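This report takes up a pocket, a set of salt bridges and a surface patch in turn. Please keep the sequence and the 3D view at hand while reading.

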Amino acid sequence: MTDPGFWPPRSPLATGVRCRCPRCGRGRLFSGLLDVRPACETCGLDFSPHDTGDGATVFVILFLGALVVGLAIWLESALSPPIWVHLVVWIPVISLLSVVLLRPFKGVLIALHFRNLKHKYDHG
């Protein structure tokens with residue numbers, strides 16, 4: 001990699017799950033829990049053109065909904081617990097997993113946005 005303008009293609013899944021810059025794969029993508037940095041600290045890529053909207057939230061809701069409903073049906077059919085057991089089990093599981101999964105899902109969507117709409121990130 002002798003040319004500083006050459007960046008090898010990176011997997012959107014690999015960089016997104018690790019919450020790294022989609023161009024260099026080294027710089028951090030987020031400055032807070034879900035706040036996207038203004039630019040990559042390593043390669044200087046401007047992150048302002050990213051626009052994932054609520055896409056990550058939709059995917060997390062669909063994924064967690066399918067997972068939790070399946071597990072809740074299994075728990076109900078296997079043990080027939082009282083309703084309070086479902087509340088004690090599933091409310092913390094949903095709350096924790098939704099927060100944990102939002103960052104990687106948003107990272108993957110930003111990386112896919114960069115790969116498929118690279119012209120929006122090129123200012124030259």
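How much space lies in the largest pocket?

## Basis of the model

This is a predicted model, in which local features need pLDDT of at least 70 and side-chain atom pairs count only at pLDDT 80 or more, while totals for chains, interfaces and linings use all residues. Residues are numbered from 1 along each chain as its sequence is written, and side-chain values use heavy atoms, with hydrogens and water left out.

## The largest pocket

The largest pocket holds about 200 Å³ of space. Of the 14 residues that line it, those closest to its centre are Trp7, Pro22, Arg23, Phe114 and Lys118. By class, the lining has seven nonpolar, two polar and five charged residues.

A pocket here is an open set of points on a 1 Å grid over the protein atoms alone, with protein on both sides within 12 Å along at least five of seven lines, and lining residues have an atom within 4 Å of a point. Helices are DSSP runs of H or I with at least four residues, numbered from the N terminus.

## A salt-bridge network

The count comes to two salt bridges, a salt bridge being a side-chain nitrogen of Lys or Arg within 4 Å of a carboxyl oxygen of Asp or Glu. In one of them Arg28 pairs with Glu41, the closest N and O atoms being 3.3 Å apart; this pair links distant parts of the chain, 13 residues apart, with both Arg28 and Glu41 in the loop between α1 and α2 (55-79). Glu41 also meets Arg37 in a salt bridge, at 3.4 Å from N to O, and through shared partners Arg28, Arg37 and Glu41 are joined into one network.

Buried means under 20% relative accessible area and exposed means over 50%, with partly exposed in between (1.4 Å probe, protein chains only).

## A nonpolar patch

Ile83, Trp84, Leu87, Val88, Val89 and Ile91 make a nonpolar surface patch of about 610 Å². Patches are made of residues with over 30% relative accessible area and no salt bridge, nonpolar side chains being joined within 5 Å and like charges within 9 Å. Val88 lies in helix α3 (residues 83-116), and Val88 counts as exposed because its relative accessibility is 53%.

Key: Areas by Shrake-Rupley, 256 points an atom, 1.4 Å probe, with all protein chains shown as cover. Helix = DSSP H or I, 4+ residues; strand = E, 2+ residues; numbered from the N terminus. 1 Å grid on protein atoms, 1.4 Å probe; cavity = no way out; pocket = protein on both sides within 12 Å on 5 of 7 lines; lining within 4 Å. Points joined across faces, edges and corners; volume = space filled by probe spheres on them. Nonpolar A, V, L, I, M, F, W, Y, C, P; charged D, E, K, R; others polar.
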